[in-house]
Amino acid sequence: MQAETGDTSKIPPGGDPAENTGAATDGSGGTSAGGEGKAATGGRYKPWHTVWLLLLLGWTVSAADRAVTGPVVTWMIDNGVGFLADASNPHALGGLIGGLFFAGYMLTQFPGGYLGDRYGHRTMLVVSLLWAGIATLLTGFIGGLVSFIVVRVVTGLGEGAYYSNDRTLITDTTPEKDRSLGMGVVITGLAFGITIALVFTPHFIDIGKLFLPDVEAWRMAFWILGAATILVGVLLAAHFREHLSLAKLGRATAHLGLYSAISLVLIMAVYVIGEKSGLSSLWIALIEVALAVGLVLFALTRKGEELGPVLKNRDLFLLYIANIAILWNLWFFSFWSVSIVSSAADSTFMDAALTAGFNAGAGLLGFPVGGWLSDYGMRNGWGRKAMMLTFTGVQAVLTICFAWYLVAADKPSLWVMGVLLFSASLFFNALQPIGHALTADIAKPELRGSAFGMENLIGEMGAVLSPAISGVLRDSTGDWTAAVWLDAAVVVAGFCVLSFVRGQGAHKPRSAPGLSLKA
């Protein structure tokens with residue numbers, strides 16, 4: 001069987017050629033002609049749809065795991081409990097906690113994709129979900145601030161391996177004509193997960209009050225979501241069992257664990273030294289980003305020949321930079337939207353959570369529609385870049401409208417805020433699968449895992465900085481207006497960077513025979 005790269009010698013000892021296959025199988029050992037072969041006929045439901053559904057479930061639980069920190073932190077601040085009870089700048093500290101999670105998530109983006117190219121993308125997806133589920137479950141047993149941060153960082157380190165392998169597996173198993181749709185459908189799980197975290201955290205906390213003292217009820221949110229993530233991880237392992245082995249899972253986990261251990265030490269060293277030196281949350285977050293940049297440069301000096309095609313490609317690099325704005329906006333609203341709505345409208349925690357859910361819920365429509373439009377546009381001669389640029393421009397205008405409304409209205413309406421959040425998020429979510437497909441179009445096929453990993457590593461700098469900087473602005477100004485205006489400015493900056501991308505690169509997506517149809 002031919003390897004994905006076309007050269008089986010590039011698969012390391014212990015690697016699985018079947019995982020990174022360039023041949024399409026029909027389930028009986030034969031080869032079908034990509035998405036149009038015999039295995040794919042006989043109905044509207046196709047083999048790759050099963051892959052989409054499983055990956056969507058993985059996105060749902062992993063997104064809920066990372067997004068739950070925001071509403072839990074908001075609940076702690078509002079109720080004066082936990083390690084935020086006596087904080088002099090609670091929003092800044094809460095934002096730093098979120099930023100440190102994404103520091104961990106950021107630092108395993110490239111290693112996760114690189115290991116997926118080596119050990120198999122299905123292997124890394126299973127490792128990522130089981131790791132994240134166990135770590136999220138453990139979060140509910142943590143008491144002190146530092147230990148809470150450590151476990152949240154560890155959770156992020158595990159989840160960081162999901163994105164690049166998910167995007168690559170979709171690319172490898174889906175016909176080119178449906179590729180962007182698949183990416184849009186699957187990443188709808190991100191919207192499901194964030195919506196679950198925002199809307200249901202108050203209910204999870206209420207369930208916790210039935211079994212725990214009120215001040216400890218927040219723990220139930222982590223227990224419920226952690227258990228759900230483990231179950232989905234087991235489900236993926238069962239379905240992908242033909243591509244997995246205990247030995248390969250062990251090696252992949254150990255290799256990711258080595259990267260993660262080094263990253264954890266570095267992240268926590270920055271935090272502890274920063275705290276003891278009296279640095280603000282903002283400076284700690286900035287140093288964490290500088291740490292990520294330093295690791296990228298270090299990796300480039302060590303593996304320059306391997307990384308050159310994914311880091312030195314002009315158009316890919318511009319997409320990486322534009323992704324900083326995307327991740328900034330995503331986790332600004334995902335982390336702080338409940339607090340923004342609650343503060344602006346002086347509403348209850350439950351009402352604010354429901355209104356904030358409009359922002360995340362827009363992804364349920366935006367992600368698949370954006371993916372479908374991307375594929376439809378390509379079949380009709382539109383460019384992915386033009387579509388992505390248009391949607392980013394509309395999102396920027398709507399975000400500016402939201403910021404202006406917070407200033408202009410004496411008492412902002414929950415309904416108006418909900419509509420503005422939904423509208424901006426609709427275009428924002430639609431542009432993401434278009435961008436993912438554009439990355440797949442430009443990157444060399446054998447390096448897509450590494451390219452997606454590098455894209456999210458650089459993009460996650462926005463996720464690290466956004467909660468922390470926004471929290472500092474909230475504490476220093478007394479409201480969220482400045483932070484929302486800053487978010488709008490970042491979106492506009494992303495639009496400007498994206499305008500310099502030249503579009504689809506020379507590396508065309510592979511033709512239909514290069515698909516692995518076996519789910």
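## Aromatic rings in this predicted model

F332, F333, W336, F402 and W480 form one aromatic cluster. This is a predicted model, where local features need pLDDT of at least 70, side-chain atom pairs count only at pLDDT 80 or more, and totals for chains, interfaces and linings use all residues. Residues are numbered from 1 along each chain as its sequence is written, and side-chain values use heavy atoms, with hydrogens and water left out.

What makes a pair? Rings of Phe, Tyr and Trp (its six-membered ring) pair if their centres lie within 6.5 Å; planes under 30 degrees apart are stacked, over 60 edge-to-face, and the rest tilted. By this rule, the count comes to 15 aromatic pairs. Here are two of them:

| Pair | Centre distance | Plane angle | Type |
|---|---|---|---|
| F148 and W218 | 6.0 Å | 75° | edge-to-face |
| W336 and W480 | 5.0 Å | 45° | tilted |

F148 and W218 link distant parts of the chain, 70 residues apart. F148 belongs to helix α6 (residues 145–159), while W218 sits in the loop between α8 (179–211) and α9 (219–239). Helices here are DSSP runs (H or I, at least four residues), numbered from the N terminus.

Terms used:
Helices (H or I, at least four residues) and strands (E, at least two) are DSSP runs, numbered from the N terminus.
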